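Me: I have a structure open and I am new to it. Can you walk me through its domains and pockets?

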Amino acid sequence: MIVETKNLYKEYQKVVSATLFHKKYQQILAVHDVSFQIKAGEHVGLVGLNGSGKSTLIKMILGILQPTSGKVETFGCVPVDNRQKNALKIGVVFGQRSQLRWDLPAMDTFRLNQELYQVPQTSFEQRVRELFQMLDVKDFLFQPVRSLSLGQRMKVEFIAVLIHDPDLIILDEPTIGLDVLSKNSIVHFLKTLTNKTIIFTS
């Protein structure tokens, strides 16, 4: 099993008013009694309104957040205790955040990720050739990221998270703000990843 949750809850406190000496809090239930299993090779969509807890759930799967109660396991272990180990098997795209270096070409980020994940040079070269062809990005790889369109940036974001060939790919609203053609291109690309487990939020 790649991901398993059982009776998962996440609560947090939100400040609703404050004075110099006192704060008033409201208890927020972000994730309520969520149970599911995701097997290797499955493509799963998490769909919901803004603020419905999708990103909170993703962060618990990644080990960024600790559940209030219930069970979450990623690759058979508790993610909050195994973040570094699990990171080697996971690639994450957050649609509203970027891991690319704004003033550098995307290729520099790819090489940095190669070093971070200790990807052998031969494997790196083969991987980037395949991804460059699949996503048709060769014309803008050496331009500063800040000069790319949103659709172009998302394509190179995908390459950056796939450099280390992760088993689990988590995509948190990756098509937000994209035009129809760019969305279709991303969806078509995802359909080719038949040997990967994918969690997609929208």
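What follows is a short chat about the domains and the pockets.

Me: What kind of model is this, and how are residues numbered?
Reply: This is a predicted model, where local features need pLDDT of at least 70, side-chain atom pairs count only at pLDDT 80 or more, and totals for chains, interfaces and linings use all residues. Residues are numbered from 1 along each chain as its sequence is written, and side-chain values use heavy atoms, with hydrogens and water left out.

Me: Which domains does the assignment give?
Reply: Domain 1 (1–88) and domain 2 (92–201); the bounds come from an automatic or database domain assignment. The contact (heavy atoms within 4.5 Å) takes 22 residues from domain 1 and 19 residues from domain 2.

Me: How much area is buried between domain 1 and domain 2?
Reply: About 1,500 Å², with carbon and sulfur atoms giving 65%. Buried area is the accessible area (1.4 Å probe) that two parts lose on being put together, summed over both. On the domain 1 side, His43, Ile58 and Leu88 supply 30% of the area buried against domain 2, more than any other three residues.

Me: How many salt bridges are there between domain 1 and domain 2?
Reply: The count is one, where a salt bridge is a side-chain nitrogen of Lys or Arg within 4 Å of a carboxyl oxygen of Asp or Glu.

Me: Now pockets. How much space is in the largest pocket?
Reply: About 460 Å³. A pocket here is an open set of points on a 1 Å grid over the protein atoms alone, where a 1.4 Å probe fits, with protein on both sides within 12 Å along at least five of seven lines; lining residues have an atom within 4 Å of a point. The volume is the space filled by probe spheres set on the points, which are joined across faces, edges and corners.

Me: Which residues are closest to its centre?
Reply: Of the 19 residues lining the largest pocket, those are Ile90, Gly91, Val92, Phe94 and Tyr117.

Me: Why does the largest pocket lie between the domains?
Reply: Because domain 1 (1–88) and domain 2 (92–201) both give residues to the lining of the largest pocket.

Me: And the second largest pocket, how much space is in that?
Reply: About 380 Å³. Of the 15 residues that line the second largest pocket, Ser55, Lys59, Gln96, Asp172 and Glu173 are the closest to its centre. At least three lining residues come from each of domain 1 and domain 2.
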